[in-house]
Every structure is written in C-alpha cells, then in structure tokens.
Amino acid sequence: MRVLLVEDDDLIAHGIQTGLRALGLTVDCATTAARAETMLSAAHCDVVILDLGLPDEDGMSLLQRLRASGMALPVLVLTARDAVEDRVAGLRAGADDYLLKPFDLSELVARLHALLRRAAGRSMDIIEHGPLRLDSERGEAFLHGRAVILSRRELALLAALLHARGRILSVDQLKDSLYGFSEEIESNALNVHIHHLRRKLGTDIIETVRGVGYRCGMVIA
Ligand code: CA
C-alpha cells in the first residue's frame, strides 16, 4: 500500500512515516498543499492522509479542489480542531474519514485499512491465494499455515500482486507501489525482491510476462 502523507509538522510526519513503514507500507510525505498536488499527479498512491493546517493552503480547500478535478482516492483527514462544524465540513469537502490529533498509530492504521477495504469493496484485509495467506494489516504471510518471514519490500510487492488478482502489473507500477519519491531505486532491486519471494514461496508465485510485467501465479510450494 502506498500512502501520501500531507503534513507540515515534522515530528508528527516522522512518527507516522516510521510507524507505517515498519508495517511494510510505502509512505511519501508532502509538507505543503502544492507539493501534495504535484506528487498526486506524478505517481500512483492508494490512500491520502491529509492534515488540515498546511502552510500554503487550508487542507480542506485542497481536498475540495482535488475532488472537483475527479480524484477518487480515499482521504483520511487529520485535524487538531475539535469543533464539530470542522468535522462535518471536512467530510462534506470529500474526506472519507477523519482522526483528531493526538491519535494512536494503531488507530490510524486501522482506519487506513478500513478505507482501503471500503474502496476495494472487500470486507477483509486478508487475501488467500491457494495455500498462501497474506494479512496485510498485520504484515504477516503464511504458506500452508506456517508463517513466512518477509521483508517490508517483499510484503509490499506480494500485496500489490495479490491485490491485482491476476492482472499484469508493469515494472513501473510495481516500483511505484514499493518505493517513495525520496528513495533511491537500484535498477536491479525489483528483480532481487522477486527472486527472494520466489525462493520463499515457490518459483511459480510470480509469473513473468515477458516484455509486459508480472502477475501472481499458482502457488505450489
Ligand atoms: Ca499542520
């Protein structure tokens, strides 16, 4: 899951980024509304966490503009304002949910997953694929009921492939789901992660579609 965090408070942004990354999520951070808009148009993302008090523009007006331009991504609003009117206004402006500061990271994670489930029309965040079971909320994978230790990149890669449900994902789409803007991508990195997943879950878990990309295949291991 790739998250765009729009938050100008360094301390809060760092805390959220660290916590979400530890769970295998890819997090990009924008500290202004303008930067957030640029990043949204430049790369794929699954969910937006939006602080309302931004230095260059009110988060609410950014959200209204994004919705007016057709952006359909789920948005979770963070707000320090406790007034009921603000919450109602936030939801009217197109937020899917909101969280009052201060909040627990676990609460934030649960809300994010709930938003994604709703967006995907799924009732559970657990994907089963043959003998493979992925709990992306907990960041755990099981093969034939036994836990398999995966790195956060491997988890993110596996989640992207499983969520695609057999659709082919291009190398760029996979890299988008794995890496944030600020992260260096080594040209061979994706191959390395795919190699590791195949070693841990069986060579057929990821099928190479020559010249096009990858999709999840049958799990036999
Ligand atoms: Ca702020």
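**The largest pocket**

Reply: Happy to! The lining of the largest pocket has 14 nonpolar residues (Ala, Val, Leu, Ile, Met, Phe, Trp, Tyr, Cys and Pro), six charged ones (Asp, Glu, Lys and Arg) and eight polar ones (the others, Gly among them). This is a predicted model, where local features need pLDDT of at least 70 and side-chain atom pairs pLDDT 80 or more, while totals for chains, interfaces and linings use all residues. Residues are numbered from 1 along each chain as its sequence is written, and side-chain values use heavy atoms, leaving out hydrogens and water.

The largest pocket holds about 640 Å³ of space. A pocket here is an open set of points on a 1 Å grid over the protein atoms alone, fitting a 1.4 Å probe, with protein on both sides within 12 Å along at least five of seven lines; lining residues have an atom within 4 Å of a point. Its volume is the space filled by probe spheres on those points, joined across faces, edges and corners.

There are 28 lining residues, and Met1, His44, Asp46, Ala160 and His163 are the closest to the centre of the largest pocket. Among helices (DSSP runs of H or I, at least four residues), α6 (152–163) contributes at least two lining residues, as do α5 (105–120) and α7 (171–178). Domain 1 (2–120) and domain 2 (126–216) each provide at least three residues of the lining, with bounds from an automatic or database domain assignment.
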